[in-house]
Amino acid sequence: MAINPDEGIPSTTIFDLPVEDVLVTYIGKYLCWQDLLNFAKCSRECREIASMLFAKIEKISWSAKIDLQRTPQHQQLEILSDLMNYLSNYAKNLKTIEIDWDTRSCPADISFAELKEITLKGLQLISMNCKNLENLIIPYVDVDDDFLVKFKENNNQLRNLDISTSNRISESILEEFFRNQPHLIKIYLDLLDIHPTTLLAIADICHDIKSLWIPKKAWINIMSQATEMPDEERRYEIQYF
């Protein structure tokens, strides 16, 4: 602490600390996204600092099974809207999104329609602005063709994908999507209606694939088609899958 020799009092105080630098460089890495949203509400300066901290975030996780049991739904709508806004505008380094909207263990009187709508719209914006996403784990978010098209146009870095309960995706869009994701290692399509051409696209493009979860009937269709092929083609087809 510096002392003013003429007045005998400190010329600097704790309030002269470079708050922005301390928060962004040292403290911010220990704050979760919920803390950042609360911090951003304090003042305009806090919002600006929160924006810089969101730019450093690489992973977002949210479970409805946990959060909706301890926070009223109307507050969740506000929190989710704020989160999606900050992510889509500032989280340029975001690599992982994990959203679990599995409602089976939540109270039966809770409506999730608005939450899912906000989530889907937010993910569309995020897919356009966060071009380094590697892990998209959203098993209970019902994505559609428009989402996959926009995602494909802006991102081809995915390594892990789970859209296993989406049922609004057309076969041609899904196949085109996978042809633009050569780095995929794990794919979960457990409840989707998968056509063999989509699996061919995965086999053609995703050479590093290690785990593929698809409906049982998809495998049955593949094997039934393979048994009808000439021997040479059948051997190739079975090796392929």
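The structure is a predicted model, and the mean pLDDT of the protein chain is 79, with 72% of the residues reaching 70 or more. Confidence is highest in strand β6 (residues 160–162), at a mean of 96, and lowest in helix α11 (residues 231–240), at a mean of 37. The pLDDT is below 50 over residues 228–241, a stretch that has 15 contacts in the model beyond near neighbours in sequence. Where pLDDT is low, the predicted coordinates should not be read in detail.

Rolling a probe the size of a water molecule over the atoms shows where empty space is left. In this model one cavity of 30 Å³ or more was counted, and the largest cavity holds about 50 Å³ of space. The residues that line the largest cavity are Ile60, Trp62, Leu83, Met84, Leu87, Ile97, Ile99, Leu123 and Ile126. Two or more lining residues are given by each of the elements β3 (59–63), α5 (73–90), β4 and α6 (113–129), and among the contributors α5 gives the most, with three residues. When sorted by class, the lining of the largest cavity comprises nine nonpolar residues, with no polar and no charged ones.

Strand β4 (residues 96–100), one of the elements that contribute to this lining, also contains Thr96. Thr96 counts as buried because its relative accessibility is 9%, where buried means under 20%. Apart from its neighbours within four places in sequence, Thr96 is in contact with Glu58, Lys59, Ile60, Leu133 and Asn135, and Ile60 is also one of the residues lining the largest cavity.

In helix α8 (residues 171–178), the residues Ile173, Leu174, Phe177 and Phe178 are buried. Seen down the axis of α8, these buried residues fall within an arc of 130°, and they therefore line one face of the helix. An α-helix has 3.6 residues a turn, so residues three or four places apart point the same way. The partners against which the buried residues of α8 pack are α7 (145–154), β6, β7 (186–188) and α9.

Helix α9 (residues 196–205), in turn, contains Ala203. Ala203 has a relative accessible area of 21% and is therefore partly exposed, since the cut-off for a buried residue is under 20%. Although Ala203 and Arg179 are 24 residues apart along the chain, their C-alpha atoms are separated by 9.6 Å.

Technical notes. Residues numbered from 1 in each chain as written. Predicted model: local features only at pLDDT ≥ 70, side-chain atom pairs only at ≥ 80, totals over all residues. Heavy atoms only, no water. pLDDT = per-residue confidence, 0-100. Helix = DSSP H or I, 4+ residues; strand = E, 2+ residues; numbered from the N terminus. Contact = heavy atoms within 4.5 Å. Buried < 20%, exposed > 50% of the residue type's maximum accessible area, 1.4 Å probe, protein only. 1 Å grid on protein atoms, 1.4 Å probe; cavity = no way out; pocket = protein on both sides within 12 Å on 5 of 7 lines; lining within 4 Å. Points joined across faces, edges and corners; volume = space filled by probe spheres on them. Nonpolar A, V, L, I, M, F, W, Y, C, P; charged D, E, K, R; others polar. Arc of directions from axis to C-beta.
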